[in-house]
Amino acid sequence: MFTNRRLSCVYSNSEVIEFDKDSKFVILSDLHRGDDSISDEFTRNQVITVSALEYYYRNGYTYIEAGDGDEIWEYKEFRHIRTAHTDVFTEIKKFFDDDRFIFLFGNHNIHCRSNLYLKQHYYYFHDVYNDCLQPLFPGIKSREGIVLRYQETGQDILVVHGHQGDFLNDQFWVPTMISLRYFWKFMHLVGFRNPASPAKNQSKRHKIEKAFTKWIKKSKVMLICGHTHRMKFPKKGQLPYFNSGCCIHTKGIAGIEIVDGKIMLIQWRVQADNNGVLTVRRCVVRGPKPIEYYNMNR
């Protein structure tokens, strides 16, 4: 019930961006950038992420970060996150400066829905070497969702983080954040799983995904999100629910691409070539499929 109402509200109030076969989007979510400490799960994939972002920037993509880019629940000082992952923020800034960066907030960086928070932490950063403020993302705006409208067919694609309607991570997020910051942050290091996280709780994940598909069936709108950390690309006959996965798995990072009027699920991994040299490679996991293949209004 909460999910249906929350997604419908976001869909009705989100900015619409029209696109065509010449448009290029890459959607990554759940990077959970931390402070490079032992509990920072993103650190192992920083090099892969930088390589992927360099590729997308060179090839003219618009980068949509679909929530939980920064792990503000666990690490309340954003300045430590920025310092720990300078290379990543340098790449993202290229997209921002070219007006090709769309920033969505999730539950773990829900603080970013506040313009005051963005102004205090994201507009500028303190350059320790030169002892002065330097621009990071001056004037950046965060969104809860975005609607991509395909000009060829008029189809809408709602892109959100996916925490909408997940009670512990949406309406009850403050107590959940406190328990993670001061308890589960340390417990997961020794093998315990946080029951509030859909990424660590299979039954909770299935419940959330079932709520997503109910909304899609009712609204007849394609949905792309993250939050559950499980990649999803619909099989033939299934409703158009796509999940970009996450960027903290040991195998690499995952995401969704929309190119040439087609959608696909991709992964970036470190792999060895025939000579044993390790390289960062992009591979298509599912797709590509034409956007019109998922037209529910035909």
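A polar contact here is a pair of N or O atoms within 3.5 Å; within protein, one atom must be able to donate a hydrogen and the other to accept it, and residues adjacent in sequence count only if both atoms are side-chain atoms. The model is predicted, so to speak of local features a pLDDT of at least 70 is needed, side-chain atom pairs count only at pLDDT 80 or more, and totals for chains, interfaces and linings use all residues. Residues are numbered from 1 along each chain as its sequence is written, and side-chain values use heavy atoms, with hydrogens and water left out.

**Exercise 1. Find the surroundings of Asn243.**

Step 1: Start with the strand. Asn243 is found in β11; strands (E, at least two residues) and helices (H or I, at least four) are DSSP runs, numbered from the N terminus.

Step 2: Asn243 counts as buried because its relative accessibility is 0%; buried means under 20% relative accessible area, exposed over 50%, and partly exposed in between, with a 1.4 Å probe and protein chains only.

Step 3: Look for a polar partner. A polar atom of the Asn243 side chain lies 2.9 Å from the backbone nitrogen of Gly245.

Step 4: List the contacts, meaning heavy atoms within 4.5 Å. Leaving aside neighbours within four places in sequence, Asn243 is in contact with residues including Cys225, His229, Met231, Ile256 and Leu265.

**Exercise 2. Trace the neighbours of β2.**

Step 1: Take the other open sheet, whose 7 strands follow the order β7-β4-β3-β2-β12-β13-β14 with mixed pairing.

Step 2: Look at β2 (residues 24–28) itself: 4 of its 5 residues are buried.

Step 3: Go to one side. β2 and β12 (residues 253–259) run antiparallel over 4 bridges, and Val26 stands opposite Glu257.

Step 4: Go to the other partner. β3 (residues 62–66) pairs with β2 in the parallel sense, also over 4 bridges, and Ile27 stands opposite Ile64.

Step 5: Connect them. β2, helix α2 (residues 46–58) and β3 make a right-handed β-α-β unit: with the strands pointing away from the viewer, the path from the first strand over the helix to the second runs clockwise.

**Exercise 3. Describe Asp35.**

Step 1: Locate Asp35 in the loop between β2 and α2.

Step 2: Classify Asp35 as partly exposed, because its relative accessible area is 29%.

Step 3: Find its side-chain partner: a polar contact of 2.6 Å joins Asp35 and Ser37.

Step 4: Look further along the chain. Not counting residues up to four places away in sequence, Asp35 touches Asp40, Tyr75, His80 and Ala84.

Definitions and conventions
Two strands pair if DSSP finds at least two bridges between them.
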